[in-house]
Amino acid sequence: MRVLAAMSGGVDSAVAAARAVKAGHDVVGVHLALSQDPQAVRESSRGCCSLEDSADARRVCDKLGIPFYVWDFSDRFKADVIDDFVESYERGETPNPCLRCNEKIKFAALLERGIALGFDAVVTGHYARLTQPVDGGDGYLRRGIDPEKDQSYVLGVLGSHEIAHCMFPVGDTLKPDIRKEAANLGFSVASKPDSYDICFIPDGNTQVFLGNRIGIRRGVIVDTAGNTLKEHDGAWNFTIGQRKGLDIKQPAADGKPRYVTDIDAETGTVTVGSRDDLAVGIINADRLKYLHPLMRSGNFDCEVQVRAHGSVVPCRAEVNTGTDQMTLRLEKPLSGVARGQAAVLYLPDEEGDIVLGSGTICGTVSTTALAAEPETQ
């Protein structure tokens with residue numbers, strides 16, 4: 001096959017490309033230029049899109065003897081990831097920009113251009129696997145075997161079209177073994193640290209970044225009884241589950257810490273409550289992605305994960321394909337679930353590692369609220 005190897009400049013994408021070459025594919029390496037901000041692409045940036053990363057990616061491709069190109073997706077990255085990130089916070093959500101980048105840029109946009117140029121698939125260094133196709137159908141997305149590095153959650157927002165044109169060569173290997181393989185291949189990135197932080201916020205200060213773009217929008221912090229505790233300069237300063245930085249002078253009646261339990265960006269009202277108030281029993285989600293036939297079956301039992309490295313809990317899913325929405329009734333409460341996060345569903349089989357699909361969380365019901373509901377006859 002003729003494949004595009006997405007070269008991030010890290011060790012995982014380097015070994016993925018090498019394995020694709022070894023498998024006999026016609027491989028072309030591509031590094032994505034995603035930012036026009038000089039600071040965001042400075043050398044030693046803590047994100048994943050620096051000038052240093054581009055140079056590392058080129059050296060790997062040179063060593064493999066494959067072509068290397070840099071594709072400028074900065075305009076699309078700004079619109080689909082950076083602007084979306086800011087707008088999501090303006091709506092009182094807590095987005096994960098890495099999920100949106102995977103969905104809109106690293107797969108959809110890259111694959112769209114790649115297919116137009118005659119490529120068959122995209123190869124990446126993500127820690128995930130694909131099942132073998134059955135009866136001519138598509139394979140299914142599965143967890144990588146390294147539980148510490150599994151990235152099936154961040155890939156769960158992809159559509160079936162993207163999954164059908166993906167290759168994840170490193171998903172069947174533990175990370176330490178990937179580094180050893182890179183060292184044996186003579187790659188200079190073998191010991192390169194993993195990227196972290198949001199790539200377009202290189203100093204890691206999300207509040208300053210949002211404040212410069214959203215500005216002051218004063219509102220109030222209230223307790224669960226509606227009593228005003230203090231004013232604030234913007235609801236975007238807060239996230240569900242936040243405890244530190246609230247700067248509330250008067251202690252709670254029980255003397256226990258307060259946590260952000262709700263954000264109403266329209267009115268600027270931030271609600272704080274107890275740790276128990278963070279427990280969620282029902283999750284509502286929209287913008288559904290269907291990666292397995294069970295996802296379209298209406299009501300079914302599954303497991304849900306709401307953070308990249310969070311635990312899974314059993315739930316009953318009620319999917320309405322007509323409205324493209326779903327309700328998840330959790331068997332065990334989850335704490336600190338926020339609008340804007342992804343809810344990725346997994347098949348509850350003996351392995352529990354096949355992704356059914358996903359949705360973007362648009363609402364929750366706390367266990368406290370559920371307990372207060374009158375019993376139905």
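Okay, some housekeeping. Residues are numbered from 1 along each chain as its sequence is written, and side-chain values use heavy atoms, with hydrogens and water left out. Since we're looking at a prediction, local features need pLDDT of at least 70 and side-chain atom pairs count only at pLDDT 80 or more, while totals for chains, interfaces and linings use all residues. When I say helix or strand, I mean DSSP runs, H or I of at least four residues for helices and E of at least two for strands, numbered from the N terminus.

Let's start with helix α1, residues 11–22. The expected span of a helix is 1.5 Å times one less than its number of residues. For the twelve residues of α1 that gives 16 Å, and the end C-alpha atoms are 16 Å apart, so the two agree.

How many of the twelve residues of α1 are buried? Nine, so α1 is largely enclosed by the rest of the structure. Buried here is under 20% relative accessible area, exposed is over 50%, and partly exposed is in between, with a 1.4 Å probe and protein chains only. The buried set is Val11, Asp12, Ser13, Ala14, Val15, Ala16, Ala17, Ala18 and Ala20. And what do the buried residues of α1 pack against? That would be β1 (2–6), β2 (26–33), α2 (51–64), β4 (121–123) and α7 (175–184); contact, by the way, means heavy atoms within 4.5 Å. Just after α1, glycine 24 takes a positive phi of about 95°.

Now the helix pairs. Two packed helices are described by the angle between their axes and the distance between the axes. The axes are lines fitted to C-alpha atoms, for helices over the stretch in contact, and angles run from 0 to 180 degrees between N-to-C directions. Under 35 degrees counts as roughly parallel, over 145 as roughly antiparallel, 65 to 115 as roughly perpendicular, and the rest as oblique.

With α1 and α7, the packing angle is about 65° and the axes are 10 Å apart. They are therefore roughly perpendicular to each other. α1 passes α7 in a left-handed crossing, where left-handed means the near helix is turned anticlockwise from the far one by less than a right angle, and right-handed means clockwise. On the α1 side you have Val11, Asp12, Val15 and Arg19, meeting Lys175, Ile178, Arg179, Glu181 and Ala182 in α7.

Next, α3 (residues 74–90) and α4 (residues 97–116): their axes come within 9 Å and cross at roughly 165°. That makes α3 and α4 roughly antiparallel, therefore, and α3 passes α4 in a right-handed crossing. α3 brings Arg76, Phe77, Asp80, Val81, Asp84 and Phe85 to the contact, and α4 brings residues including Pro97, Arg100, Cys101 and Lys104.

Setting aside neighbours within four places in sequence, threonine 206 is in contact with Phe85, Ile198 and Ile201. Threonine 206 is buried, at a relative accessible area of 15%.

On to the strands; two strands pair if DSSP finds at least two bridges between them. Strand β11 (residues 269–273) is mostly covered, with four of its five residues buried. It pairs in the parallel sense with strand β8 (residues 219–223) over four bridges, and there aspartate 223 has valine 272 as its bridge partner. Strand β10 (residues 259–264) runs antiparallel to β11, joined by five bridges, with aspartate 264 opposite threonine 269. β10 and β11 form a hairpin with four residues between them, and glycine 268 in the turn has a positive phi of about 75°.

There's also a closed barrel of six strands, β12-β15-β14-β13-β16-β17, paired antiparallel. Neighbouring strands in this sheet are turned by 45° against each other on average, direction ignored. Within it, five bridges join β16 (residues 342–346) to β17 (residues 355–366), and alanine 342 partners threonine 360.

Last, two loop residues. Most residues other than glycine have a negative phi. Aspartate 247, though, has a positive phi near 55°; it sits in the loop between β9 (228–232) and β10 and is partly exposed at 48% relative accessible area. Aspartate 324 has a positive phi near 60°, lies in the loop between β14 (313–320) and β15 (325–335), and counts as partly exposed at 27%.
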